[in-house]
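Please consult the sequence and the structure shown here while reading.

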Amino acid sequence: MDKLRVAVIGCGCISNMHLIPAKNLDVCELVAVCDIKPERAEAAAKEYGAKAYTDYVDMFEKEKLDVVHLCLPHYLHTVVAIDAFKYGINVITEKPMSIALDDAKKAIEESEKYSVKYGVIFQCRYKTAQQFIKNNIENGVLGKVKAARSTLTWYRPDDYYDSSDWKGTWDKEGGGVIIDQAIHSIDLTNWFIDSKPVSVQANISNRHHKNMIVEDTAEGMIEYENGVLYSFWAMNNYVIDEPIEIRLVCENGTANITYDDATIHLNNGETLTCTQDLTNKEKYSGLKTYWGFQHYDQIRDFYESVIENRKPYINCTDAYETQKIVCAIYESAKSGKTIEL
């Protein structure tokens, strides 16, 4: 088939993680960008050689797109995705799917109705170290996960929220450290455990930020059908961004995973290690390192799934499982109750 015609909606900070592969992969052509702020749309269009729009429906009607990337405030993810589906456009969106579970479910139903692909960015699953751990769980070296924990200690100052017209709000971002930062470690740990979550209990607090109303600290426990207990703690009022850490206790040993490294200590005394392949690093030179470099891999896989008419490696139904957990964390914290899934 001819090259995929691709566009990106939302030209803020994260958009470069999408624009770079959309511009450089040989299976696609970046034809348009869109942002309600004309100066941002024009700047991205000039840098990446595309046409600028400020109205995405106008863009849909004129450009005959195959794929659109959504780099928008969280509350708009499913709204714009559903509009794209109606034009027969495949969608890959930044996480989270939505700020409300019902909206995420509706978007999946609409993607199926219009027979289009629907992908959600969880780029950390593509990292070499994370793949190493997943493979050693599945091939029996580690065996099944028996217990898990994750920690996130990052830094988001008040001006991080002051500079945005949607971050730090319940109605537009949908939360704070859980839905924006810790969602990746939650997604990875859930992926490693590979069992149905059955209950969630959590607490959230705003312990230090003055100019936002959502949580900057959260802790809780998720129980799984196979008996695994996963405990998490996350906060973004530290003084630096430390590497996220995930620890797994498995049948045959333990595993520790950070940004770019993974170590397995087997019960027989053997130690296995893996370091992240940094092949994509130069493609994202100058951008925030905590985003990683695997957007490129996930976006390439999504394009290929459209061309080959197959499910992408991370499908919308996979992302929905993480969305259920995130929404249950907030429901539990606000209600003071354990939420049954």
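The side chains of K62 and D58 form a salt bridge, with 3.3 Å between N and O; the term denotes a side-chain nitrogen of Lys or Arg within 4 Å of a carboxyl oxygen of Asp or Glu. About one helical turn separates K62 from D58, because they are 4 residues apart in helix α3. Helices (H or I, at least four residues) and strands (E, at least two) are DSSP runs numbered from the N terminus. K62 is exposed at 53% relative accessible area, whereas D58 is partly exposed at 25%. Here buried means under 20% relative accessible area, exposed over 50%, and partly exposed in between, with a 1.4 Å probe and protein chains only.

The model is predicted: local features need pLDDT of at least 70 and side-chain atom pairs count only at pLDDT 80 or more, while totals for chains, interfaces and linings use all residues. Residues are numbered from 1 along each chain as its sequence is written, and side-chain values use heavy atoms, with hydrogens and water left out.

By the salt-bridge rule, the count comes to 16. Three of these pairs are tabulated below.

| Pair | Closest N to O | Accessibility of each partner |
|---|---|---|
| R5 and E63 | 2.9 Å | R5 27%, partly exposed; E63 9%, buried |

R5 and E63 form a salt bridge with their closest N and O atoms 2.9 Å apart. R5 lies in strand β1 (residues 4-9) and E63 in helix α3 (residues 56-63), so this pair ties together parts that are 58 residues apart in sequence.

E138 and K134 are 4 residues apart in helix α6 (residues 128-138), and therefore about one helical turn separates them. Elsewhere, salt bridges with shared partners join K95, K167, E173 and D180 into one network.

How do helices α5 and α10 pack, and at what angle do their axes cross? The axes of α5 (residues 101-113) and α10 (residues 316-335) come within 10 Å and cross at roughly 170°; axes are lines fitted to C-alpha atoms over the stretch in contact, and angles run from 0 to 180 degrees between N-to-C directions. The two helices are therefore roughly antiparallel, a label for angles over 145 degrees. Residues of α5 including L101 and I108 meet residues of α10, among them Y320 and C327, where contact means heavy atoms within 4.5 Å.

Notes
Angles under 35 degrees count as roughly parallel, over 145 as roughly antiparallel, 65 to 115 as roughly perpendicular and the rest as oblique.
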